Amino acid sequence: MYISDVRKSTGPWPIFLVVIALLAFNGCTVKFVADYDATTYEEILRVGKEVDKFYGDFLEEDEANRSYQKYSERYVELETEMRSLYTRNKSRPLNEKSTKISDSILGLWLKYKRNHKKNDGYKSGPAKLDRKRFGRLFVSAASAEAAKNLDPDDKDSAKESKKDAK
Amino acid sequence: MSFDIDTTITGMISAISEVIPGDWEGVKDCVEKALKEEKEALSDIAAARLAGDINDEEMKSQLEDEKVALEAAFLACQVKAKVMAQNAANAAITVLKNAIKATI
């Protein structure tokens, strides 16, 4: 359709096309998600590594020596890191999904901290499972952030890797 | 009655694809990966219970926490789908912009 045709036609289409054209000429782009934030991505990896280190050190200790008091300071330090990550995500517009993931990470951390305090102990069985779960949660958080950096030409990376493997 | 985790996962994938048909192609691999990891996590919990490393109450708590982890994995897939939709929309606008430029 040419512009001259648009002028002649009736109904809502001319207005719609003019609006779209104006958007296009003004350099407007649609936006469904927040921009990629490299600092947040690095923070996710860093906090995830610290949590893994916490569990690594923790599992080295005999179960009988895992009193809550011994770990309370590190619990609080890591809780602060997670709250900071949550705030960083929440302060960004169009970032609800990443905010929810960081909220879930914080929620589980507080649950395990509360249980440890209540029982004044933390068995290796649940601790090993919790450590692996945090690993997956931080991968989800990092994947969500990394996805915001996808180029328009990028396809589903998993699909592409399958093709490469063939 | 036996529980076949593979059949269950396949059923879950099918159910998810029906709920989000519009975005399905963009997130299929991501969702399948999330479910595969979930399957491994559930197997780990079952193995820990059978070995006596966790008790019934702890198993129940672990399963509750797995819901949170699976939801987080799906949220990451949704972000990916949104970014792909955003990029597609912007690519369409660029085509339109170029077409209008060429016309006038």
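**View 1. Chain B as a run of helices.** Along its sequence, chain B of this predicted model has the pattern α-α-α. Its secondary structure amounts to three helices and zero strands; helices (H or I, at least four residues) and strands (E, at least two) are DSSP runs, numbered from the N terminus. Chain B has 104 residues, of which 25% are buried. A residue counts as buried if 20 or more other C-beta atoms lie within 10 Å of its own, as exposed if 12 or fewer do, and as partly exposed in between, with C-beta atoms placed from the backbone. Of the contacts in chain B between residues at least 6 apart in sequence, 68% join residues at least 24 apart. Two residues are in contact if their C-beta atoms, placed from the backbone, lie within 7 Å.

**View 2. Confidence in chain B.** Within chain B, confidence is lowest in helix α1 (residues 5–19), with a mean of 71, and highest in helix α2 (residues 24–51), at 91. The model as a whole has ipTM 0.84 and pTM 0.82. Because the model is predicted, local features need pLDDT of at least 70 and side-chain atom pairs count only at pLDDT 80 or more, while totals for chains, interfaces and linings use all residues. Residues are numbered from 1 along each chain as its sequence is written, and chains are lettered from A and ligands numbered from 1 in the order in which they are written.

**View 3. Chain A and its helices.** Chain A contains seven helices and zero strands, in the order α-α-α-α-α-α-α from the N terminus on. It has 166 residues, and 23% of them count as buried. Among the contacts in chain A with a separation of 6 or more, 79% are between residues 24 or more positions apart.

**View 4. Helix α3 of chain A.** Helix α3 (residues 38–60) of chain A has 23 residues, which at 1.5 Å a residue should span 33 Å; the end C-alpha atoms are 33 Å apart, so the two values agree. The expected span is 1.5 Å times one less than the number of residues. The buried residues in α3(A) include A:Thr40, A:Glu43, A:Ile44, A:Val47, A:Gly48 and A:Val51. The buried residues of α3(A) pack against α4 (68–90) and α6 (124–147) of chain A.

View 5. A:Ala64 lies in the loop between α3 and α4 of chain A. This residue counts as exposed because it has 7 C-beta neighbours inside 10 Å. The C-alpha atoms of A:Ala64 and A:Asp120 are 9.8 Å apart, and the two residues are 56 residues apart along the chain.

**View 6. Where chain A touches chain B.** In this contact, 35 residues of chain A meet 38 residues of chain B. On the side of chain A that touches chain B, the elements giving two or more residues are α2 (13–25), α5 (96–119), α6 and α7 (157–165) of chain A. The most come from α6(A), with eleven residues. This side of chain A divides into 20 nonpolar, six polar and nine charged residues. Ala, Val, Leu, Ile, Met, Phe, Trp, Tyr, Cys and Pro count as nonpolar, Asp, Glu, Lys and Arg as charged, and the others, Gly among them, as polar.

**View 7. A:Ser140 in helix α6.** A:Ser140 belongs to helix α6 of chain A. It is buried, because 28 other C-beta atoms lie within 10 Å. Apart from neighbours within four places in sequence, A:Ser140 is in contact with A:Ile101, B:Ala72, B:Ala73, B:Leu75 and B:Ala76. A separation of 15 Å lies between the C-alpha atoms of A:Ser140 and A:Asp130, ten residues apart along the chain.

How values were computed
pLDDT is the predictor's confidence in each residue, from 0 to 100.
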